[in-house]
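Please look through the chain below and keep its charged side chains in mind.

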Amino acid sequence: MRLALNAAVAVSASLPFMPASLAAQRDTTPASQRDRGPGIATSMFGTYIRPGELLVYPFIECYHDHNFEYDPLELGYGLDRDFRGRYRATEGLLFLGYGLNDWLAVELEAAVISARLDKAPGDPSALPARLEQSGVGDVEGQVRFRMQREAGRRPEIFGYFESAAPVQTRKLLIGTPDWEFKLGAGFSRGYRWGTLTFRLAAEYGLEEDKPELGEYALEYLRRLSPSWRVYAGIEGSQDEVELITEAQWRLARWATLKLNNALGITSKATDWAPEVGVMFSIPLR
């Protein structure tokens, strides 16, 4: 008995960045929660938030697209036709999330962005050969809520409501010209080989003044060790579909490095969008 106890202590001490409390909980964690934990799903890929926890995530994302679809009229240059140009952008973002209780959380995300669009060779509009804009990008907030916990064969069910504000009304390459709203729901279920999530949303923009199918995604999450977790997902919005992968490295109990990569599957999706940042977890109660 003493030999077994000593061996268990030695093994737990050898695991990197694994607090004693976490080691003690591993045997009692339900199988359905071993990948994602007991928290509420956030809008950040493979990230869950607990009651009283504040998540602070500063990150950088870049966009590279050789056939970016644009309409000169929507950018303020008169001609109402679709063209394909070359698009590059770098965006700095700050995500804040707070778990109010075990079924409700709130989020806020804001960005600054620098972008440029090289005009398509066959575009006869007054759009400059290279349009460059920078400044404040999208500012959006979300309410996330759990509707049913996973139990037995019943999946976890969650929902969310998102609102994006019209911060930029003149720099239309980088801004949202009018209010946009999104309402969605998702289902998650944990297995011994990983956790699957499916989510679907509807969106409504005041500029378009009609509801549309919003984001849809099929996601996979797997915890490989106390320090490493991997994510893969297929995410789309209408005819823009991407393959998204992410590796999460737990640097310390309160900090996780996130390495994300998105590759366009359809021609209208962004070709390549890498992302990197460190997420900080701050318990406030």
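D123 is buried (under 20% relative accessible area, where over 50% is exposed and anything in between is partly exposed, with a 1.4 Å probe and protein chains only), yet D123 has no salt bridge, and K119, the nearest side chain of opposite charge, is 4.8 Å away. A salt bridge here is a side-chain nitrogen of Lys or Arg within 4 Å of a carboxyl oxygen of Asp or Glu, while Lys and Arg count as positive, Asp and Glu count as negative, and His and the chain ends are not counted. This is a predicted model, in which local features need pLDDT of at least 70 and side-chain atom pairs count only at pLDDT 80 or more, whereas totals for chains, interfaces and linings use all residues. Residues are numbered from 1 along each chain as its sequence is written, and side-chain values use heavy atoms, with hydrogens and water left out.

**Surroundings of D123**

- D123 sits in the loop between strand 5 (104–118) and strand 6 (130–148), where helices (H or I, at least four residues) and strands (E, at least two) are DSSP runs numbered from the N terminus.
- When neighbours within four places in sequence are left aside, D123 is in contact with Y70, P72, L79 and F83, contact meaning heavy atoms within 4.5 Å.

**The chain as a whole**

- The secondary structure of the chain consists of two helices and 14 strands, and 40% of its 285 residues are buried.
- Of the contacts between residues at least 6 apart in sequence, 53% join residues at least 24 apart.
- The chain has an accessible surface of about 15,100 Å², of which 60% belongs to carbon and sulfur atoms; such areas come from the Shrake-Rupley method with a 1.4 Å probe, and for residues only the protein chains shown count as cover.

**Surface patches**

- Patches are made of residues with over 30% relative accessible area and no salt bridge, with like charges joined within 9 Å and nonpolar side chains (Val, Leu, Ile, Met, Phe, Trp, Tyr) within 5 Å.
- E74, D80, D82, D138, E180, E207 and E208 form a negative patch, the place of a charge being taken as NZ of Lys, CZ of Arg, CG of Asp or CD of Glu.
- One of these residues, E180, is found in strand 8 (residues 180–191) and is partly exposed, with a relative accessible area of 40%.
- A nonpolar patch of about 380 Å² is made by L100, V106, V143, F161 and L183; V106 belongs to strand 5 and, at 32% relative accessibility, is partly exposed.

**Salt bridges**

- Side chains of opposite charge can pair when their charged atoms come close.
- The structure holds 15 salt bridges, and one of them joins R130 and D118 at 2.6 Å, N to O.
- Because R130 lies in strand 6 and D118 in strand 5, this pair ties together parts that are twelve residues apart in sequence; R130 is partly exposed at 43% relative accessibility, whereas D118 is buried at 15%.
- E215 meets R199 in a salt bridge (3.6 Å, N to O), which links E215 in strand 10 (residues 210–223) to R199 in strand 9 (residues 194–205), 16 residues apart.
- E219 also forms a salt bridge with R199, with the closest N and O atoms 3.1 Å apart, and this pair links strand 10 to strand 9 across 20 residues.
- Both E219 and R199 are buried, and salt bridges that share partners join E162, K182, R199, E215, E219 and E235 into one network.
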